Amino acid sequence: MAEISSLRCNNHPDREAVARCPDCRQSYCRECVTEHEDRVLCAACLGRLTGVHRVGTRRPGWIVFTIRCAAGFLLAWSCFYLFGRILLLVPNSFHEGHIWQ
Ligand SMILES: [Zn+2]
Ligand SMILES: [Zn+2]
């Protein structure tokens with residue numbers, strides 16, 4: 001078939017394509033494809049595939065932990081603050097209205 005030889009590499013327009021990536025369906029030259037788990041993938045798809053396995057690389061765990069701690073602390077603090085304000089407000093009317101009469 002003359003179909004594949006007429007195709008050009010997606011990254012190098014001056015080079016002939018030797019393989020087609022099964023993931024993105026683009027044709028690539030020998031330099032742009034890599035064998036990975038018995039499949040010939042382009043560099044972009046290989047990076048995407050291997051990136052899935054390395055989950056923690058995008059955002060380190062300690063950052064997520066710190067953000068969660070800060071968010072939890074702020075939430076707890078604002079709850080206690082509001083609760084405290086309500087406790088300060090309630091007894092005044094309570095005492096005046098009912099208990100000291
Ligand atoms: Zn691809
Ligand atoms: Zn290429």
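Trainee: Among contacts between residues at least 6 apart in sequence, what share joins residues at least 24 apart?

Mentor: In this protein, 2% of those contacts join residues at least 24 apart. Keep in mind that this is a predicted model.

Trainee: How many helices and strands does the protein have?

Mentor: There are 3 helices and 4 strands. Read from the N terminus, the order is α-β-β-β-β-α-α.

Trainee: Now burial. What percentage of the residues count as buried?

Mentor: The protein has 101 residues, and 10% of them count as buried.

Trainee: What do I look for in a core?

Mentor: The general idea first. In soluble globular proteins, nonpolar side chains tend to be buried together. Now this case. The largest nonpolar core here has 9 residues. They are C9, A17, C21, Y28, C32, V33, L41, C42 and C45.

Trainee: Take C9. Which residues does C9 contact, leaving aside its neighbours within four places in sequence?

Mentor: C9 touches R15, A17, S27, Y28, C29 and C32. A17, Y28 and C32 are, like C9, members of the core.

Trainee: Next, strand pairing. How many bridges join β3 to β4?

Mentor: There are 4 bridges. Strand β3 covers residues 33–36, strand β4 covers residues 39–42, and the two run antiparallel. For one pair, look at E35: its bridge partner in β4 is V40.

Trainee: What do β3 and β4 form, and how many residues lie between them?

Mentor: They form a hairpin with 2 residues between the strands.

Trainee: Are E37 and D38 buried or exposed?

Mentor: Count the C-beta atoms around each residue. E37 has 7 others within 10 Å, so it is exposed. D38 has 5, so D38 is exposed too.

Trainee: Which residues does T34 contact, beyond its neighbours within four places in sequence?

Mentor: T34 is in contact with L41, A43 and L46.

Trainee: How far apart are T34 and C45 in sequence and in space?

Mentor: They are 11 residues apart in sequence. In space, the distance is 9.7 Å, C-alpha to C-alpha.

Notes
Residues numbered from 1 in each chain as written. Chains lettered and ligands numbered in written order. Predicted model: local features only at pLDDT ≥ 70, side-chain atom pairs only at ≥ 80, totals over all residues. Core = buried A, V, L, I, M, F, W, Y, C linked by C-beta atoms within 7 Å. Buried ≥ 20, exposed ≤ 12 C-beta atoms within 10 Å, placed from the backbone. Contact = placed C-beta atoms within 7 Å. Pairing = 2+ DSSP bridges.
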